[in-house]
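Me: I've got a protein chain to look at. Can you walk me through it?

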Amino acid sequence: KNSAKAMEKELVTCSLQEKEKTAIDRSQIFQIPQRKDLETKVVVVLGKAGMGKSILIQKICQDWSNGEFSQFEFVFWFDCKHISLPEKRYSLKELLLEFFVKPQEGSKEIFEYILQNPAKVLLIFDGFKDLHDHENFPRCLASRPEKDVCSIKELLSGLIQKKILNGCTLLFTARPKDKLNQYVSKVDKTIEIVGFSPQQRELYITKYFEESSCCDSALKLIKECEYLFSHCYSPVMCRFVCFLCETVLEMGEKSLPSTLTEVFLKFFQQKIMLMQTDVTTTQNQESLATLARIAWCLGEKHQSAMKSDLLPSKEVKEFALKYGFFLPFALPRHSDSEEEEFGSTFSDFVIQNFLCALHLLLAEELKDKNLTKYLSFLSKKKKPYNWLDLMPRFLAGLMFLQDDPYFCSLSNEDAKQSTKKQKTLLKYIRRLQINTLCPERLLELLRCVYETQNNYLLQHVALRLEPDLSFLGIALTPPDVHVLHSILKRSRKEFSLDLRNSSIDMQGLQALVGLRNVTSFRASLSDTIRLWRSLEQTKDYEVLKASTEKFVLDPFKAKTMKDISDLSDLVEMQEKMMNCVQEAFHSTSYEIPAIRNLRKLEFALGPACGLQGLLKLVKILPAFPSLQHLDLDALSENGIGDEGAKSLSEVFPTLTSLETLNLSQNKITDLGAENLATALPSLSSLKTLSLYNNNICDFGAENLAKVLPAMTSLRVLDVQYNKITGAGAQQLTDSLRKCPHIKNLVMWNPTIPYGVLEHLQQLDSRISV
């Protein structure tokens, strides 16, 4: 049972990795085709912290209040960090009608109406990450939702498992890394917010400064600092960069900081230190150190909120609220007579991450050599701090900024200590076996080293990168691409990059592919074609030609109809490029090397799309002149049947390089075998043919036997696990005598008597069972 569950999770995760980049309108969020109206619908909005998930939720609520999403009569919106304190317990009625909204009268009738009309109810849980231990959700035992009180975890478990309010719609927001895995099979729709495009970043910055006289100079200043501009893909980062740019321009400065650590160091300094006396400087330093410790203690528990009365002092509370590092909120009450309680939450995830890094540097109890254990590129046995994903970068950056006047104004640490910590990090990275790091940890190392802006470290890492760099399935954000680009540029090595399923944007792909020392790359076909079409439209023929010559496709595995469509688009792109190259370079012909050099093609669309996909594939197969291995055998069985076999056999004369053809497990019968046999001799290079586990009988075996002598290149034929009897086996054996070129005939079939097969094997030792 457990292994089946694990397999289900794995399958769903894989399908999410192959997600289509399609923009959807807000009105489409709750559109779930082929779903029973009477069942609970679960929609998940994923996005990294600061991507605008909460803003989207606010907009959905606003749209509903203006008459959109009319299928819902009730919308309840909960901030998970406000309702998830471990000691709090609720009934569903309390959660909806006392904590969220308190109707002046008729609450009993309203709740009865909700229970009877669940399809008209939308429940929004914003920030699923803040639910403690949500990977260990308990079973919900509440049978009377109006009375039974339970933890928020139990309530959510009951809602997702359809034991409570079955038929409602649930909308969760969460970070991509958060553990929704155990419920992923129950999710009906997953949407990911990917952040701003370069054009949207410019629009945001322009809007931010639209009432300022320095709008043009602000945009120019931010765009000149490419690293910070890349971070502006995140709305929250864009706001921070704009705030800092505003401050810099007001002070008459001409440049922005070069790293994220410097940005936030300056942000804190601007917030706290401008208008203060020597007395308040000391007080603020102490309050900041305390706030940093609180940030760390909460962050280790994956929390960003706490009850206000747990703060260590009134001064710290006032300090945090005064400078906007904390935001207050009222905790839900069970009754009007209960005393009102308040909570405090960090105003922003980046601020909490920065304060955590600050705490690790300032905490006296932490030895210098222990600091490196909080960096995320440790050995596989160590647990990375994924929830505080910016903290390691800030930590590395601060180690090399401790003599910065801004840092000195935030702490009273002496210069000797800072030099010691720098040496600790340098020594640690020098000893690190960079070639053993998995892609995710390697990427984290590059991010941290970039934040130090230490030339020795940057050069050290650049020179020790492996020539083959794979980021397969690792999300590469615009800042990641900038970091990777700047470090690769420092190396004298030549690199081969695998960027498939990395969600890299077109500008990032163009930048990496354009590096002189990147000699080959793999990327998702759709991303690559999108880039090439863009270059064709802008007539950047030199860049286009260079990019096509670096692209690698071999081996290619088609798992979806989209893969086949992308492959068709690639072939179509080659035809367009012939015209481009002819126009630009006065050349008569041009082939995309990836098409010319494709040697192995695997086809695994499964039974639902197998035949449809193959019929589309055979139209473009002749475009691949070097194709040597065509594998149509899949674990889920493609089931191309006789129609697929016939369609494929029609293009055999064009597949002059094909050496291996695997048609195993495809429901091919005698009819399909007959069509194949007619065309097989035209495969002049074929060495291995597998028809394992089909439905071929004696008539099919007879047709194959007739053409074997003409298939002079064939060395191995596999027809086991079909329905061939002794008669068909005898015909194949007789034909084998005329085929000295064949080295192995695999012929075991449950329908051939063992004695017959043993006898045939004695007649010809090339027959194997």
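Me: How many helices and strands are in the protein chain?
Reply: There are 31 helices and 21 strands. Both are DSSP runs, numbered from the N terminus: helices are H or I with at least four residues, strands are E with at least two. This is a predicted model, where local features need pLDDT of at least 70 and side-chain atom pairs count only at pLDDT 80 or more, while totals for chains, interfaces and linings use all residues. Residues are numbered from 1 along each chain as its sequence is written, and side-chain values use heavy atoms, with hydrogens and water left out.

Me: What share of the residues counts as buried?
Reply: Of 769 residues, 52% do. Buried means under 20% relative accessible area, exposed means over 50%, and partly exposed lies in between (1.4 Å probe, protein chains only).

Me: And contacts? What share joins residues at least 24 apart?
Reply: The share is 76%, among contacts between residues at least 6 apart in sequence. Contact means heavy atoms within 4.5 Å.

Me: New topic. What is the strand order in the open sheet of 5 strands?
Reply: The order is β2-β4-β6-β1-β7, and the pairing is parallel. Two strands pair if DSSP finds at least two bridges between them.

Me: Which are the edge strands?
Reply: They are β2 (74-79) and β7 (189-192). Each pairs on one side only.

Me: Pick a pair inside the sheet. Over how many bridges do β1 and β6 pair?
Reply: Strand β1 (residues 41-46) and strand β6 (residues 169-174) pair over 6 bridges, in the parallel sense.

Me: Which strands does β10 pair with?
Reply: Strand β8 (residues 305-307) pairs with β10 in the antiparallel sense over 3 bridges. Strand β9 (residues 326-330) also pairs with β10 in the antiparallel sense, over 5 bridges.

Me: Last one. Where is N675 found?
Reply: N675 sits in helix α28 (residues 670-679).

Me: What is N675 in contact with?
Reply: Leaving aside neighbours within four places in sequence, N675 is in contact with K646 and S649.

Me: And how far apart are N675 and L704?
Reply: They are 29 residues apart in sequence. In space, N675 and L704 are 9.9 Å apart, C-alpha to C-alpha.
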